[in-house]
Amino acid sequence: MKIIIINGPNLNLLGMRENDIYGDETFTDFLEKLQQKFPKVNLSCYQSNIEGELIDKLHEAGKYFDGIILNAAAYTHTSVGIADAVRAIKTPVVEVHISNTFSREDFRHKSFTAPYSKGIIVGFGLQSYELALQSFL
Ligand code: DQA
């Protein structure tokens, strides 16, 4: 099974950014452990701070992967373009968030991508990604 994690803006700063909300672990360290835990899964990861690049990657992932784990980060709450890309592709998308977006500012309660996602996993720290991966297995 081929799964790709697509991370949006500022998630390259995990481990350095707002540690009280997002924790101390870098995504590289987390990903290494996740791959070790699920050796049979062919796991890829992509991160971009640029909306159009995330859209291009979703189009590509829609052709080559069995499942997509998407944390569009701030674009979740703003991007019709990313939502349309999720809608356009056939590969199922599971939306994840590290923090519980519903316990934060009102503008984080809206997700443009959630209606077109297979499901959403929110608020379990980096474990949200692992739960999303398990949902594909
Ligand atoms: C986030 C939540 C978003 O509101 C925020 O803009 C992020 C990260 C999360 O994983 O908790 O950058 O997607």
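Which strand is His-97 found in? Select His-97 and you land in strand β4. Keep in mind as you click around that this is a predicted model.

**Stop 1**

Check their surroundings one at a time. His-97 has 21 other C-beta atoms within 10 Å; the cut-off for buried is 20 or more, so His-97 is buried. Beyond its neighbours within four places in sequence, His-97 contacts Asn-71, Val-122, Gly-123 and Ser-128. Tyr-22 sits in helix α1, residues 19-22, and is partly exposed because it has 19 C-beta neighbours inside 10 Å. Not counting residues up to four places away in sequence, Tyr-22 touches Leu-14, Arg-17, Ile-98 and Ser-99.

**Stop 2: around the ligand**

Now show the ligand and select the residues around it: Asn-10, Asn-71, Ala-73, Ala-74, Thr-76, His-97, Ile-98, Ser-99, Thr-101 and Arg-108. Colour that shell by class and you get three nonpolar, six polar and one charged residues.

Two members of the shell deserve a look at their backbone. Asn-10, in the loop between β1 and α1, has a positive phi near 75° without being a glycine. Asn-10 is partly exposed, with 14 other C-beta atoms within 10 Å. Then jump to Ala-73 in the loop between β3 and α4; here too phi is positive in a residue that is not a glycine, at about 50°. Ala-73 counts as partly exposed, with 17 C-beta neighbours inside 10 Å.

**Stop 3: the "binding site" positions**

Next, select Asn-71, His-77, Asp-84, Ile-98, Ser-99 and Arg-108, which UniProt lists as "binding site" in an unreviewed entry. This set covers 38 residues of sequence and is also spread in space, up to 23.9 Å between C-alpha atoms.

Zoom in on Asn-71, in strand β3. Asn-71 is buried, with 24 C-beta neighbours inside 10 Å.

Apart from residues up to four places away in sequence, Ile-98 touches Tyr-22, Gly-125, Leu-126 and Ser-128.

**Stop 4: helix α5**

Which residues of α5 are buried? Pick out Ser-128, Tyr-129, Ala-132 and Leu-133. Look down the helix axis: these buried residues fall within an arc of 140°, so they line one face of α5. On that side they pack against β1, α2, β3, β4 and β5 (119-122).

**Stop 5: the largest nonpolar core**

Finish inside. In soluble globular proteins, nonpolar side chains tend to be buried together. The largest nonpolar core here has 30 residues, and the members touching the most others are Ile-4, Ile-6, Ile-68, Ile-69, Ile-82, Tyr-129 and Ala-132. To see where the core comes from, colour β1 (2-7), α2 (27-37), α3 (51-64), β3 (67-71), α4 (80-88), β4 (93-97) and α5 (127-136), the elements that each give two or more residues to it.

Leaving out neighbours within four places in sequence, Ile-69 is in contact with Ile-3, Ile-5, Val-94, Val-96, Tyr-129, Ala-132 and Leu-133.

Note on methods
Residues are numbered from 1 along each chain as its sequence is written. This is a predicted model: local features need pLDDT of at least 70, side-chain atom pairs count only at pLDDT 80 or more; totals for chains, interfaces and linings use all residues. A nonpolar core is a set of buried Ala, Val, Leu, Ile, Met, Phe, Trp, Tyr and Cys residues joined through C-beta atoms within 7 Å. A residue is buried if 20 or more other C-beta atoms lie within 10 Å of its own, exposed if 12 or fewer, and partly exposed in between; C-beta atoms are placed from the backbone. Helices (H or I, at least four residues) and strands (E, at least two) are DSSP runs, numbered from the N terminus. Two residues are in contact if their C-beta atoms, placed from the backbone, lie within 7 Å. A residue is near a molecule or strand if its C-beta atom, placed from the backbone, lies within 6 Å of it. Ala, Val, Leu, Ile, Met, Phe, Trp, Tyr, Cys and Pro count as nonpolar, Asp, Glu, Lys and Arg as charged, and the others, Gly among them, as polar. The arc is that of the directions from the helix axis to the C-beta atoms. UniProt positions are given in the numbering used here, feature names are shortened, and annotations may be inferred rather than shown by experiment.
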